[in-house]
Amino acid sequence: MPPKKRSRDESQEAKSSEQDSAIYELIKSKERSGVSKTDIKASLNLPETQIVKALTSLCAKGLVREVKGARRGLKHYVAAGFEPSEEITGGSWFTDGAIDTEFVSTVSSIVADQVRKLGVATAEDLHETFQRVNLFKSGVSLQQVQQVLTVLKMDGRIEEVRSTGTGVSASVMRGKVCYRCCPAREASAAASVPCLVCPRIRDCTPDGIISPRNCVYYKKWLNF
């Protein structure tokens, strides 16, 4: 008895399954780098309609996921089990291919505050502190800390100096690049001391009902 011939639909389904498998294996082989539709077309020489159909099917099955890249929003596909590389996502600064301005602002404020508290700090010091206390869940790289320091310097909030190895910079090796708050900022902070304009300053005593200990304005100034 001759073997039963496969119907046209069955043949197309088998061919489609083979193409899906080929695309999946290609994506999986790229690990964290993933691939774009253009990469798939160039590697497998398949029509775009088939590629789109296969990617839709693979995503629905949870075998691959779509990642919006930081570069011009180009979509990449990464196999399940792999975290997309920072080269694709743009790192912690980006969310869904767009720069996370709120996160950048938060990191900038914390970096500026740490520099103020330490008096003098290097990029390495700041990065080590953030790593040790696990301040940011998504993590912040040394390069990102340096980027923030550069922006803060351009904004005039901090200044770049060379350590003298003495005084406030005694903990930093002599000649090493470090950062400190700009004198203008410190002067501005001093000029804004709430005590200078407080109408109850004459009634304020260290242990009195009105005192620096229970003054909400004074506490806010200390956290400037």
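Biologist: Buried means under 20% relative accessible area, exposed means over 50%, and partly exposed lies in between (1.4 Å probe, protein chains only). What percentage of the 224 residues of the chain count as buried?

Modeller: Buried residues make up 29% of the 224. Please note that this is a predicted model, in which local features need pLDDT of at least 70 and side-chain atom pairs count only at pLDDT 80 or more, while totals for chains, interfaces and linings use all residues. Residues are numbered from 1 along each chain as its sequence is written, and side-chain values use heavy atoms, with hydrogens and water left out.

Biologist: How many helices and strands does the chain have?

Modeller: There are nine helices and six strands. Both are DSSP runs numbered from the N terminus: helices are H or I with at least four residues, and strands are E with at least two.

Biologist: Let us take helix 6. Which of its residues are buried?

Modeller: Helix 6 covers residues 123–133, and A123, L126, H127, T129 and F130 are buried there. Viewed down the helix axis, these buried residues fall within an arc of 160 degrees, so they line one face of helix 6. The arc is taken from the directions that run from the helix axis to the C-beta atoms.

Biologist: And what does the face turned away from the buried side carry?

Modeller: That face of helix 6 carries the exposed residues E128 and R132.

Biologist: What do the buried residues of helix 6 pack against?

Modeller: They pack against helix 5 (101–118) and helix 7 (142–154). Contact here means heavy atoms within 4.5 Å.

Biologist: What happens just after helix 6?

Modeller: N134 takes a positive phi of about 50 degrees there.

Biologist: Now the other end. Where is T122 found, and is it buried or exposed?

Modeller: T122 sits in the loop between helix 5 and helix 6. T122 counts as buried because its relative accessibility is 2%. Apart from neighbours within four places in sequence, T122 is in contact with V172, K176, V177 and C178.

Biologist: K176 again, then. With which residue does K176 form a salt bridge?

Modeller: Its partner is E124, with the closest N and O atoms 3.9 Å apart. E124 belongs to helix 6 and K176 to the loop between strand 5 (158–162) and strand 6 (177–181), so the pair ties together parts that are 52 residues apart in sequence. E124 is partly exposed at 34% relative accessible area, and K176 is partly exposed at 30%. A salt bridge requires a side-chain nitrogen of Lys or Arg within 4 Å of a carboxyl oxygen of Asp or Glu.

Biologist: Why can such side chains pair?

Modeller: Side chains of opposite charge can pair when their charged atoms come close.

Biologist: How many salt bridges come out of this rule?

Modeller: The count comes to seven. One of them joins the side chains of E66 and K75 at 3.7 Å, N to O. E66 counts as partly exposed at 42% relative accessibility, and K75 is partly exposed at 41%. The side chains of K153 and E160 meet in another salt bridge, at 3.1 Å from N to O. K153 is partly exposed with 35% relative accessible area, and E160 is partly exposed at 39%.

Biologist: A last topic: among contacts between residues at least 6 apart in sequence, what percentage join residues at least 24 apart?

Modeller: For this chain it is 48%.
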